[in-house]
Amino acid sequence: MFLESSDIDLSDYEIDNSRISEVLNALFCRGDRIQVFDGANQIDGTGFFVRGGDDYFLWRDSSDHLRFQYLGGSIGIRKMNFDYDHSWDECPSPDYD
C-alpha cells in the first residue's frame with residue numbers, strides 16, 4: 001500500500017507496531033478528499049475517505065458510490081488536501097471497534 005500527502009507529520013505516530021486500520025484512520029479523516037490508484041492508474045476520479053480496516057478501506061467515489069477497496073497489490077491513496085466534506089459532519093473517523 002502506498003500513502004501520499006505532502007503535509008503528514010508521522011514523528012509522533014508509531015507505525016511499526018500499528019494495525020493498518022489504526023494508521024489509515026490516523027492519517028485520513030472521514031470525508032478527506034482522496035485519489036485512489038492501482039499502480040499508476042487512477043481509479044474512478046477524486047473521492048472521499050470513509051473508513052479504514054486492516055485489509056481494506058471504504059471510500060465514496062466521484063459517482064457517489066460507496067466502494068470497498070481491498071488493500072492488496074499496488075493500491076495507493078493520495079490525500080488531496082486537509083479540507084474534508086462537511087456533509088459527513090465529523091472528523092476524525094469514529095472508532096467502530
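Visitor: How many residues lie between β3 and β4 in the hairpin they form?

Guide: This is a predicted model. In it, β3 and strand β4 (residues 56-60) pair in the antiparallel sense over four bridges, and Phe48 stands opposite Arg60 in β4. The number of residues between the two strands of this hairpin is three.

Visitor: Which residue takes a positive phi in the hairpin of β2 and β3?

Guide: Strand β2 (residues 32-38) is antiparallel to strand β3 (residues 41-52), with six bridges in the pairing. Asp38 has Asn41 in β3 as its bridge partner. Two residues stand between the strands, and the one with a positive phi, near 70°, is Gly39.

Visitor: Which element gives the largest share of the largest nonpolar core?

Guide: The largest nonpolar core has 13 residues, and Leu24, Phe28, Ile34, Val36 and Phe57 touch the most other members. Two or more residues of this core come from each of α1 (20-27), β2, β3, β4 and β6 (75-84). The largest share is three residues, and the element that gives it is α1.

Visitor: Which residues is Ile34 in contact with, leaving aside its neighbours within four places in sequence?

Guide: Ile34 is among the core residues that touch the most other members. In general, nonpolar side chains in soluble globular proteins tend to be buried together. With those neighbours left aside, the contacts of Ile34 are Phe28, Gly45, Thr46, Gly47, Phe48, Phe49, Phe57, Trp59, Ile77, Arg78, Lys79 and Met80.

Visitor: How many residues apart in sequence are the parts that Arg19 and Asp54 tie together?

Guide: The structure holds five salt bridges, and one of them joins the side chains of Arg19 and Asp54, at 2.9 Å from N to O. Arg19 is in the loop between β1 (2-4) and α1, while Asp54 is in the loop between β3 and β4, so the parts tied together are apart in sequence by 35 residues.

Visitor: Are Lys79 and Asp32 buried or exposed?

Guide: Lys79 and Asp32 form a salt bridge, with their closest N and O atoms 3.2 Å apart. Lys79 belongs to strand β6 and Asp32 to strand β2, so this pair ties together parts 47 residues apart in sequence. Buried means under 20% relative accessible area, and both Lys79 and Asp32 are buried.

Visitor: What is the relative accessible area of Asp61?

Guide: Asp61 meets Arg67 in a salt bridge, 3.5 Å from N to O, and a network of salt bridges links Asp44, Asp61 and Arg67. Arg67 counts as partly exposed, at 28% relative accessibility. Asp61 is buried, and its relative accessible area is 3%.

Methods: Residues are numbered from 1 along each chain as its sequence is written. This is a predicted model: local features need pLDDT of at least 70, side-chain atom pairs count only at pLDDT 80 or more; totals for chains, interfaces and linings use all residues. Side-chain values use heavy atoms; hydrogens and water are left out. Two strands pair if DSSP finds at least two bridges between them. A nonpolar core is a set of buried Ala, Val, Leu, Ile, Met, Phe, Trp, Tyr and Cys residues joined through side-chain atoms within 4.5 Å. Buried means under 20% relative accessible area, exposed over 50%, partly exposed in between (1.4 Å probe, protein chains only). Contact means heavy atoms within 4.5 Å. A salt bridge is a side-chain nitrogen of Lys or Arg within 4 Å of a carboxyl oxygen of Asp or Glu.
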